[in-house]
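Hello,

Here is the structure I promised to pass on to you. Please open it first, and then read my notes below.

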Amino acid sequence: MNYRKDIQLLRGIAVLLVVLFHLEIPGFKSGFLGVDVFFVISGYLMAVMYDPTNKIGFFKKRARRLIPAYFVTVVATVLVAAYITSPIDFSQVTRQASFSALFLSNIGFWTENSYFDKSSLKPLLHLWSLGVEIQFYLLVPLIFLVCRKLRWSFPVLLLGSAGLCFLAVSKSPITAFYLLPFRMWEFLIGLGIATYVSDPNTRSANRFRWLGLLGLAAIVAIPFFQLDGNVPSFVHGHPGLTAMLICCSTGLVLAFGLPSSIESNWSATLIERIGTFSYSIYLAHFPVIVLILYRPFSGTVLKADSLSQGLMTGVAVIVAAMLLYYLVEQPFRHSKRSFSIGIGGAVVIFAVSAAGSVYQQHTTPPSEIRIYSAWFDRAEFRCGKFYSLLHRKDVTCDLTPDLLHPSQRVLFIGNSHADAIKKAFVSVARSRNIGVFFVVQNDPLMNGGRVGVNDLVRDAKEKKANAVVLHFSPGAVDPATIEELANKLSIQGIPVSYILPIPVWHQSVLALLLRSISGGESVPRETIDDYVKRNRKFIDQLEKINTPGFKTVATVELFCHPVCDAVAEDGRPLYFDDAHLTLTGGERMLPAIERALQPNVGLPAPILATSGR
């Protein structure tokens, strides 16, 4: 393949967009679209490079190109993380490294949460795209074989993948984002151009270079696109219509090239040079940013606290990328041990991860280990990580399937705060032979949530529920929505109990406890008065709901006397962050759950003296 400056230019623009997005530079919130540009380029190059008569040679070249720098990045990240991160955060890094070693990073992150979620430490998050790309490479021989024998199969594959993607992004954006079947169309656009469109260097193609310029203009305009990767919509979400536009625009550049006046411009030459280093920049930038800005219990921090810290981070990214390029990427491109490097690299990743865990166990004081262990003192996420994918139409799942003949059925509805106490809720319900159905989604009744009042009323009737219990974080649901639900359920003869919010803290309880141990700082006081002041308006609004069968259940006296507890009597933390209870903390909720499950016919009696109820 002849050298194409326009491809390097595309690479340079794409990696700049991604890096600026990850640095959270204002104006680049849609910079993640740079990855879509990379996918199209990869599909194009695979078609150009693939030789059906030498499949092994193709894979060896790809391995030499990608694997050494990839594995060095993962190993270096694990080593640094073992030294600077907490055991909680390091466990997340080793899990990510394990998936990376098997080129399944996209699968690993798909089982966790959205690409745009920053609640946990994810220095290897960017490797999801390499997972998708390498999985595509493995399918290249099969794709060429099928498309050669069945010419109609190519448009079917492309349009079928795009259709599945748009359907999935409207239902489960995280699935459309991470998994190859929903991203394959992006690679196929590039592959199709290389296979079915003439070479842009031919004379006949010169008169169409303005189309390539048009495509480049759309790519450069990426910062002006407004997207939300968490929105279930193929119009406003990702990957959706905007991704299609960018991929087609990249295809125009690949198909028709760029005018010579654009390629010879000094700025294009500079970006072309960046494109030469694009792979090393992409690999190095994200772990460098995340680890430099690391703060315990703060998840993935990408925004620098000051200009000087931001500049230091930028310099560190450049240095790390240059070292990776000159010491690893370039020297190993001509190595003859591509597969042995891959196997050895995977073994090293697992070994370094295990060694890092041992190092942390021996260097972390027992008093801190008790605090860190609270992070793991919680139940499985909602109905299970894959339940919503396997049962798309279900509003609730059965948490007590072993109760064959329950005396009653209760719907337990809430966001992550309800999820944190569902194990305690089920334990109380079991003791009364009550079946529990728990809402599948994490945002029921909330503004923008996927499960509304009518969905829950319909599900309550279908499940033949005898009662409904609600529990949310402070201010998560509008009291008017609660009243609407209570009214509609009351018509069906179904009473509603609302377990009032628990006391929350202004920052991570685990971080506060660690500082109290290491620095002698006292844990800030939270009191009943603080709780009432914070929740006064919400409680007053609930007071006005006069629906028969509706009652509220207090929680504050279970935690505050009058000072609120952060730890149990034996020293175990009651929270694993600033607001969510551990399983230990959930045990404090047993009396409130007992009251919530008691028959509640008619108007409730006062239960919270400080709120006037």
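**The second largest pocket**

Helix 2 gives the largest share of the lining of the second largest pocket, with seven residues. Please keep in mind that this is a predicted model. The pocket holds about 860 Å³ of space. It is lined by 31 residues, and those closest to its centre are R11, L45, R62, R65 and R333. Besides helix 2 (34-49), the elements that give two or more residues to this lining are helix 1 (5-22), helix 3 (55-84), helix 6 (128-149), helix 14 (266-276) and helix 15 (278-292). By type, the lining residues of this pocket are 15 nonpolar, eight polar and eight charged.

**Salt bridges**

How many salt bridges does a search of the whole structure find? The search finds 21, and here are some to look up.

- R95 and E112 join their side chains in a salt bridge, at 2.4 Å from N to O. Because R95 sits in helix 4 (residues 87-101) and E112 in the loop between helix 5 (105-110) and helix 6, this pair ties together parts that are 17 residues apart in sequence. R95 is partly exposed, at 28% relative accessible area, and E112 is partly exposed too, at 29%.
- E557 and R595 form another salt bridge, with their closest N and O atoms 3.1 Å apart. E557 belongs to the loop between strand 6 (550-553) and helix 25 (583-587), while R595 belongs to helix 26 (residues 590-596), so the pair ties together parts that are 38 residues apart in sequence. E557 is partly exposed, with a relative accessible area of 32%, and R595 is partly exposed with 26%.
- R458 counts as partly exposed at 42% relative accessibility, and D455 is partly exposed at 24%.
- D36, R183 and E186 are linked in a network of salt bridges.

**A nonpolar patch on the surface**

Which residues form a nonpolar patch on the surface? They are V315, V319, L323, Y326 and L327, and together they have about 500 Å² of accessible area. L327 is part of helix 16 (residues 307-332). With a relative accessible area of 58%, L327 is exposed, because the cut-off for exposed is over 50%.

Enjoy exploring it!

Best wishes

Terms used. Residues are numbered from 1 along each chain as its sequence is written. This is a predicted model: local features need pLDDT of at least 70, side-chain atom pairs count only at pLDDT 80 or more; totals for chains, interfaces and linings use all residues. Side-chain values use heavy atoms; hydrogens and water are left out. Patches are made of residues with over 30% relative accessible area and no salt bridge: like charges are joined within 9 Å, nonpolar side chains (Val, Leu, Ile, Met, Phe, Trp, Tyr) within 5 Å. Accessible areas come from the Shrake-Rupley method with a 1.4 Å probe; for residues, only the protein chains shown count as cover. A salt bridge is a side-chain nitrogen of Lys or Arg within 4 Å of a carboxyl oxygen of Asp or Glu. Helices (H or I, at least four residues) and strands (E, at least two) are DSSP runs, numbered from the N terminus. Buried means under 20% relative accessible area, exposed over 50%, partly exposed in between (1.4 Å probe, protein chains only). On a 1 Å grid over the protein atoms alone, a cavity is a set of points where a 1.4 Å probe fits but cannot get out, and a pocket is an open set with protein on both sides within 12 Å along at least five of seven lines; lining residues have an atom within 4 Å of a point. Grid points are joined across faces, edges and corners, and a volume is the space filled by probe spheres set on the points. Ala, Val, Leu, Ile, Met, Phe, Trp, Tyr, Cys and Pro count as nonpolar, Asp, Glu, Lys and Arg as charged, and the others, Gly among them, as polar.
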